[in-house]
Amino acid sequence: MSTERILVIGANGQIGKVLFPALQELWGKGNVIAADIRPVFDGEGIFEVLDATDPKAISVLLSRHKITQLYHLAAILSAKAEENPLSSWEINTRTLLNVLETGRECKVSKLFIPSSIAVFGPSAPRTKVPQNTYLDPSTAYGISKVATETWIAYYRRKYNLDVRSIRYPGVLGYQSMPGGGTTDYAVDIFYKAVKGEQYTCFLEKDTRLPMIYMDDAIRATLELMQASPENLSVDMAYNVQSLSFTPEELGTAIRKYIPDFQITYIPDFRQTIAHSWPESIDDSVAQKDWGWQPKFGLDEVVRDMLEHLSNHS
């Protein structure tokens with residue numbers, strides 16, 4: 001592989017914290033640059049403070065570091081976006097367009113801009129949502145992600161810009177605390193379990209949602225970005241998932257290791273968001289195009305989460 005110069009915008013976020021070192025391992029620490037609006041960075045390597053709402057600031061970094069690949073992970077997530085929808089729309093769409101346009105102007109060879117299962121709404125099937133279906137989200141975050149996918153397709157077709165995307169389901173991992181997503185209960189629940197505390201869930205016990213373990217999410221991202229463009233048939237974003245479960249099923253799986261663990265259920269506004277999303281995703285197109293296969297099922301996720309968090313509690 002030829003040497004790439006890579007910029008990760010939003011490197012302090014849930015996925016960025018894990019993707020950044022994975023990219024360093026692949027391309028070398030000196031070839032991967034972390035950027036975030038928050039000036040505190042606890043990783044190792046090159047870090048730049050960046051406000052992605054400023055296109056000139058992005059251009060400066062792209063030019064200074066001779067960037068060939070750009071990963072744009074900065075966004076206001078679902079639950080936070082519902083608290084201030086207009087502000088989240090402004091931030092999410094402005095940073096998106098800044099990244100696309102500066103990437104085009106600076107001739108970045110490849111970009112990754114994630115989407116989300118939040119693009120789906122009441123018209124999509126409840127189970128095994130196909131790659132191509134209705135996108136009628138009922139949340140501000142989902143609306144911004146439909147816009148993201150549409151702009152990605154536009155830049156691919158009009159400018160031949162190589163932009164790739166995944167519709168992330170709920171991402172859970174031990175590497176960072178929850179960050180404002182509706183599926184974050186599936187992370188927070190483990191922190192309570194290892195402390196021997198009861199967990200109060202903001203979703204109903206039978207709310208089934210598609211999920212992906214962090215290890216699988218990072219591997220899927222890297223595999224997609226390394227796939228030959230000739231094999232990619234999707235102009236917008238690929239469906240991907242590892243597993244689907246309910247809070248009750250997750251609690252039962254945790255009790256195999258922590259028998260006294262207890263959950264209570266007090267649904268809040270996030271229940272409405274969750275109910276607008278599907279229960280499972282059909283990712284057969286990703287399997288066919290670039291060989292996607294998840295490695296973590298529910299028991300593997302629970303074992304790995306409890307092992308890591310118990311070691312650090």
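These numbered points go through a predicted model of one protein, from its overall shape to a single pair of residues.

1. Start with the whole fold. The protein contains eleven helices and 14 strands. Its radius of gyration is 19 Å. The globule rule gives 20 Å for 313 residues, so the protein is as compact as a globular protein of that length.

2. Along the principal axes, the C-alpha atoms fill a box of roughly 55 × 45 × 40 Å.

3. Now look at burial and surface. Of the 313 residues, 54% are buried. The accessible surface of the protein is about 13,700 Å². Carbon and sulfur atoms hold 51% of that surface.

4. Consider the contacts. Take those in the protein with a separation of 6 or more: 78% of them join residues 24 or more positions apart.

5. Check the charges. There are 31 positive side chains and 38 negative ones. The centres of these two sets lie 4 Å apart.

6. Turn to the sheet. Strands of a sheet pair through backbone hydrogen bonds, and the pairing can be parallel or antiparallel.

7. Strand 1 covers residues 6–9, and strand 2 covers residues 32–36. The two run in the parallel sense and are joined over four bridges.

Key: Residues numbered from 1 in each chain as written. Predicted model: local features only at pLDDT ≥ 70, side-chain atom pairs only at ≥ 80, totals over all residues. Heavy atoms only, no water. Rg over C-alpha atoms; globule rule 2.2 N^0.38 Å. Buried < 20%, exposed > 50% of the residue type's maximum accessible area, 1.4 Å probe, protein only. Contact = heavy atoms within 4.5 Å. Areas by Shrake-Rupley, 256 points an atom, 1.4 Å probe, with all protein chains shown as cover. Lys, Arg positive; Asp, Glu negative; His and termini not counted. Charge placed at Lys NZ, Arg CZ, Asp CG, Glu CD. Pairing = 2+ DSSP bridges.
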